[in-house]
Amino acid sequence: MFPVPGRGRRGHPGRGRARDVTGREATHRARLCLSDGPGTLQRLAAWVARCADRGVIPADFVFPVNLVLDELVTNALTHGRAGGGGDPHPRIELAAERMPGAVVLTLCDNGAPFDPTGVAPPDLASPLAGRQIGGLGLHFVHQFMDEVTYRRDGAHNRLTLTKRVPAPRPGA
Amino acid sequence: MTRARERELLMSQTFQISRTAAAEGAVLRLAGRIDSSNAAEFEQEVLRELAADPSGLILDMAELGYISSAGLRVILVAARAAQAGGQGLILCALAPNIRDVFDVSGFSAILPIADDADEARRRLAG
């Protein structure tokens, strides 16, 4: 977790760096690698808090970013081995990048192919007795993020989430 | 609730549950974080409480900083168990972030939510 310098260390400005649509570079970024086991979600929560402390995400993004990553990590660790095609030792690499005007989160896991953007939203109008229990986690992902993009890349699922950062109000 | 207090709750890394008995029904105070790593423990406690106390149950969330869909699933299971048993179940004192999750999931529309424990007790008694 570190501020990204203006030029690459070997004199290749911007090579391999994430850019937003306007071509601007990330100003801060952080990474985390998670595998299955006790304490995984605690590590995630601590990492999200550090992201805020170091300016990668705004302070008021801690809750929604933690929630969305928790849901996706929990899904990947729980279901990633099901259905074939997934590695028996699930691993998830997370990255958070602060762009001008947005936070971009990326998740890369070695689980079975799973496109969360293709899942129908849960029925939120049914009464208590008929309420479906599943599907809420992915609903949160779509509600708390502005853009969700999925790509299957060889043996990996790659998910990119964007959450816009509102411009500071003058005088705020 | 101040932002500092909300952040303090969110940063708490553990889940704690404590019980107090009241004339109107038991109160379970939830503290810290509820996620998929401890939702089973929460489920066990809340179902045991409903089985033991026929009158009703208040889930006091004043000290709860975080809840994921795994925790919401338990609340749904508990609400259905309470409904089946003719028991009252009321949630109270949700922090703004927690309230957001209940609103986005549609749970606010199907579960009784009180501002604080006093209001929850009055509603359970009435």
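## Fold of chain A

Chain A has three helices and six strands. Along the sequence they run β-β-α-α-β-β-α-β-β. The model is a predicted one.

Chain A holds 172 residues, and 45% of them count as buried. Its accessible surface is about 9,000 Å². Carbon and sulfur atoms account for 53% of that surface. Take the contacts in chain A between residues at least 6 apart in sequence: 62% of them join residues at least 24 apart.

## Salt bridges

Over all chains, the structure has twelve salt bridges. One of them pairs the side chains of A:E97 and A:R29, with N to O at 3.0 Å. This pair links distant parts of the chain. A:E97 sits in strand β3 (residues 91–99) of chain A, and A:R29 sits in strand β2 (residues 28–35).

A:R164 is exposed, at 53% relative accessible area. A:D146 is partly exposed, at 37%.

A:R151, A:D153 and A:R158 are linked in a network of salt bridges.

## The interface between chains B and A

How many residues of chain B are in contact with chain A? There are 31, and they contact 29 residues of chain A. The two chains bury about 2,400 Å² between them. Carbon and sulfur atoms carry 63% of that buried area. Three residues stand out on the chain B side: B:Q13, B:R80 and B:V104. They supply 22% of the area that chain B buries against chain A, more than any other three residues.

Which polar links cross the interface? Nine residue pairs are in polar contact between chain B and chain A, both residues being at pLDDT 80 or more. The count of salt bridges between the two chains is zero.

Five elements of chain B each supply at least two residues of the side that touches chain A: α1 (3–11), β3 (56–67), α3 (69–84), α4 (96–104) and α5 (107–110). The largest share comes from α3(B), with eight residues. By class, this side of chain B has 14 nonpolar, ten polar and seven charged residues.

A:N66 lies in helix α2 (residues 62–79) of chain A. Is A:N66 buried or exposed? A:N66 has 2% relative accessibility, so this residue counts as buried.

What does A:N66 touch? Leaving aside residues up to four places away in sequence, its contacts in chain A are A:L44, A:A45, A:V48 and A:F61. From chain B, A:N66 touches B:R33 and B:Y66.

## B:T20 in strand β1

B:T20 lies in strand β1 (residues 15–22) of chain B. B:T20 is partly exposed, with a relative accessible area of 41%. Not counting residues up to four places away in sequence, B:T20 touches B:A26 and B:V27.

B:T20 and B:S68 are 48 residues apart in sequence. In space, the two are 25 Å apart, C-alpha to C-alpha.

How values were computed
Residues are numbered from 1 along each chain as its sequence is written. Chains are lettered from A and ligands numbered from 1 in the order in which they are written. This is a predicted model: local features need pLDDT of at least 70, side-chain atom pairs count only at pLDDT 80 or more; totals for chains, interfaces and linings use all residues. Side-chain values use heavy atoms; hydrogens and water are left out. Contact means heavy atoms within 4.5 Å. Buried area is the accessible area (1.4 Å probe) that two parts lose on being put together, summed over both. A salt bridge is a side-chain nitrogen of Lys or Arg within 4 Å of a carboxyl oxygen of Asp or Glu. A polar contact is a pair of N or O atoms within 3.5 Å; within protein, one must be able to donate a hydrogen and the other to accept it, and residues adjacent in sequence count only if both atoms are side-chain atoms. Helices (H or I, at least four residues) and strands (E, at least two) are DSSP runs, numbered from the N terminus. Ala, Val, Leu, Ile, Met, Phe, Trp, Tyr, Cys and Pro count as nonpolar, Asp, Glu, Lys and Arg as charged, and the others, Gly among them, as polar. Buried means under 20% relative accessible area, exposed over 50%, partly exposed in between (1.4 Å probe, protein chains only). Accessible areas come from the Shrake-Rupley method with a 1.4 Å probe; for residues, only the protein chains shown count as cover.
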